[in-house]
Amino acid sequence: MTIMVTLNDRLGDSFSLQAAFEVPSAGVTALLGPSGSGKTSVLRAMAGLDRIAGQIIFNGEVWQGNGIFVPPERRRTGYVFQGVGLLPHLSVAENLDYAERRAPPGPLVRATVIDRAGIASLLDRQPSRLSGGEAQRASIARALLGQPRLLLMDEPLSALDSDARADLLGWLGQLLGQIDIPVFYVTHDRTEAARLATHTLHIRDGRIAP
Amino acid sequence: MGLVLATTAELALVTTLLLILIATPLAWWLARSGAWWKEIVGALTALPLVLPPTVIGFYVLIALGPESPLMAVLQPFGVRTLAFTFTGLVIGSLFYSLPFAIQPLRTAFEAIGDRPLEIAATMGARPLDRFVTVALPLSRRGFFSAAILVFAHTVGEFGVVLMIGGNIPGKTEVLSTRIYQLVESLQFGEAHRIAAMLVGFAFAALLALLLIDRKVGTPRP
């Protein structure tokens with residue numbers, strides 16, 4: 001079972017994305033590259049949030065290519081955004097409800113996810129009243145309760161200060177080891193990649209380094 | 001006086017309800033579409049803002065008159081003309097107040113940004129689901145503003161009503177045209193009462209608008 005991605009598109013006047021790779025759909029794949037290298041574009045294309053010319057095949061299922069484009073709501077990826085990834089008008093608990101109500105039955109149990117994310121005391125809070133680290137843990141819990149087939153994470157630690165980042169990195173390493181979902185982890189930080197990833201792809205100027 | 005007040009309130013209420021229904025999808029499209037020609041549509045919907053109301057009234061009158069192609073279509077249903085009817089007045093008001101529904105809704109929709117809708121999409125919410133459960137609650141301030149503005153603006157409508165209404169008591173006579181009649185027949189006492197009432201109403205509407213803007217703040221991340 002693999003994830004096959006071939007993207008080939010001009011994204012700006014001077015930037016073209018020409019990324020092709022195939023990775024096993026298991027474990028944590030880090031997509032490592034400097035800012036502006038096109039790593040978020042790859043992730044957004046995989047989620048179906050942006051329509052970038054190319055082909056994406058997940059475990060033999062065509063998500064994009066040959067005239068097919070599966071919209072994001074039918075790909076069932078969990079997406080953790082850079083910055084706040086919660087619906088701003090709903091409390092943390094309501095955000096989790098939102099994900100659960102639209103998710104098929106799956107292996108991830110609400111109580112366990114809340115416990116592992118350490119957000120039991122935050123459930124009644126509005127997203128605007130969470131610290132950066134709290135918001136990110138709640139966002140990850142929200143993404144997991146959607147019972148995703150693939151977890152996509154866009155620099156989930158980059159908006160945090162260094163203490164919170166070190167904290168969350170340890171926690172994330174544990175969490176990703178416990179769930180049986182393939183993870184794509186975008187980062188510009190080598191330490192994060194080394195700490196979390198089972199394979200690493202290097203991206204630079206829109207191209208995957210061999 | 002009671003009859004005129006009722007006609008005015010009914011016209012404003014019907015116009016508000018219909019216009020919210022019409023303007024919501026239009027404003028949503030204007031806020032989110034990437035089509036190059038969307039600002040042409042945007043400008044068209046804003047036209048009533050700068051056109052003399054008599055011009056709007058004139059065109060609507062022609063369109064609702066017995067000679068118009070529109071009425072030819074409706075002829076089999078027993079409708080020969082809608083000029084000088086309450087329905088005609090509602091149609092005129094829809095055009096007249098359209099920008100006052102579009103602008104606040106479009107601004108509110110644009111302020112949502114892509115992020116909340118993308119979050120919902122990755123959680124499995126389809127487009128209509130996203131609109132109802134994310135866009136609507138995040139833009140409710142825009143809906144309050146649109147409703148108040150359309151209602152108040154329709155109450156203040158004069159030129160359009162004069163052109164297509166014909167000022168028929170109980171059907172198409174509203175407060176603004178009543179004042180005009182009263183002044184023409186030199187009944188200043190009654191004109192004063194209605195004028196003062198409209199000033200009070202306009203002030204209350206604008207005050208409500210400002211208070212809602214402060215109270216119903218959209219939660220921001």
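In chain B, 73% of the contacts between residues at least 6 apart in sequence join residues at least 24 apart, two residues being in contact if their C-beta atoms, placed from the backbone, lie within 7 Å. The model is predicted, and local features need pLDDT of at least 70 while side-chain atom pairs count only at pLDDT 80 or more, whereas totals for chains, interfaces and linings use all residues. Residues are numbered from 1 along each chain as its sequence is written, and chains are lettered from A and ligands numbered from 1 in the order in which they are written.

**View 1. Chain B is built from 11 helices and 0 strands.** Helices (H or I, at least four residues) and strands (E, at least two) are DSSP runs, numbered from the N terminus. The C-alpha trace of chain B spans about 65 × 45 × 30 Å along its principal axes. Of its 221 residues, 36% count as buried, a label that requires 20 or more other C-beta atoms within 10 Å of a residue's own, with 12 or fewer counting as exposed and values in between as partly exposed, all C-beta atoms being placed from the backbone.

**View 2. Helix H1 of chain B (residues 2-32) carries a kink of about 30 degrees at B:Ala23.** The kink lies shortly before the proline B:Pro25, and a bend of this kind is the angle between axes fitted to the seven residues ending at the position and the seven starting there. From its first C-alpha to its last, H1(B), with 31 residues, reaches 44 Å, close to the 45 Å expected at 1.5 Å a residue, where the expected span is 1.5 Å times one less than the number of residues. Among the buried residues of H1(B) are B:Thr8, B:Leu11, B:Thr15, B:Leu19 and B:Ala23. An α-helix has 3.6 residues a turn, so residues three or four places apart point the same way.

**View 3. Helix H5 of chain B is mostly covered, with 21 of its 27 residues buried.** H5(B) bends by about 50 degrees at B:Ser97, and the proline B:Pro99 follows within four residues. Its reach from first C-alpha to last is 37 Å, close to the 39 Å expected at 1.5 Å a residue. In the loop between helix H4 (69-74) and H5 of chain B stands B:Phe84, which has a positive phi of about 60 degrees although it is not a glycine. B:Phe84 counts as partly exposed because 17 other C-beta atoms lie within 10 Å. After H5(B) comes B:Gly113, whose phi is also positive, near 75 degrees.

**View 4. The largest nonpolar core has 110 residues.** Such a core is a set of buried Ala, Val, Leu, Ile, Met, Phe, Trp, Tyr and Cys residues joined through C-beta atoms within 7 Å. The residues with the most contacts inside this core are A:Ala141, A:Phe184 and A:Tyr185, yet its largest share, 13 residues, comes from H5 (residues 86-112) of chain B. With residues up to four places away in sequence left out, A:Ala141 touches A:Leu96, A:Val113, A:Ile114, A:Ala117 and A:Ile119.

**View 5. The contact between the two chains involves 17 residues of chain B and 22 residues of chain A.** Helix H6 (115-122) and helix H7 (127-138) of chain B each supply at least two residues of the side that touches chain A, and H6(B) gives the most, with 7 residues.

**View 6. Strand E1 (residues 2-10) of chain A pairs in the antiparallel sense with strand E2 (residues 16-24) over 9 bridges.** Strands pair if DSSP finds at least two bridges between them. A hairpin of 5 residues joins E1(A) to E2(A), and A:Thr6 stands opposite A:Ala20 in E2(A). E1(A) also pairs with strand E4 (residues 54-58) of chain A, again in the antiparallel sense, over 5 bridges, with A:Val5 opposite A:Ile56.

**View 7. Two loop residues of chain A, A:Gly206 and A:Asn66, are shown together.** A:Gly206, in the loop between strand E10 (199-204) and strand E11 (207-208), counts as buried because 23 other C-beta atoms lie within 10 Å. Beyond residues up to four places away in sequence, A:Gly206 touches several residues, including A:Phe15, A:Leu17 and A:Ser37. A:Asn66, in the loop between strand E5 (61-65) and strand E6 (68-69), counts as exposed because it has 7 C-beta neighbours inside 10 Å, and its phi is positive, near 50 degrees.
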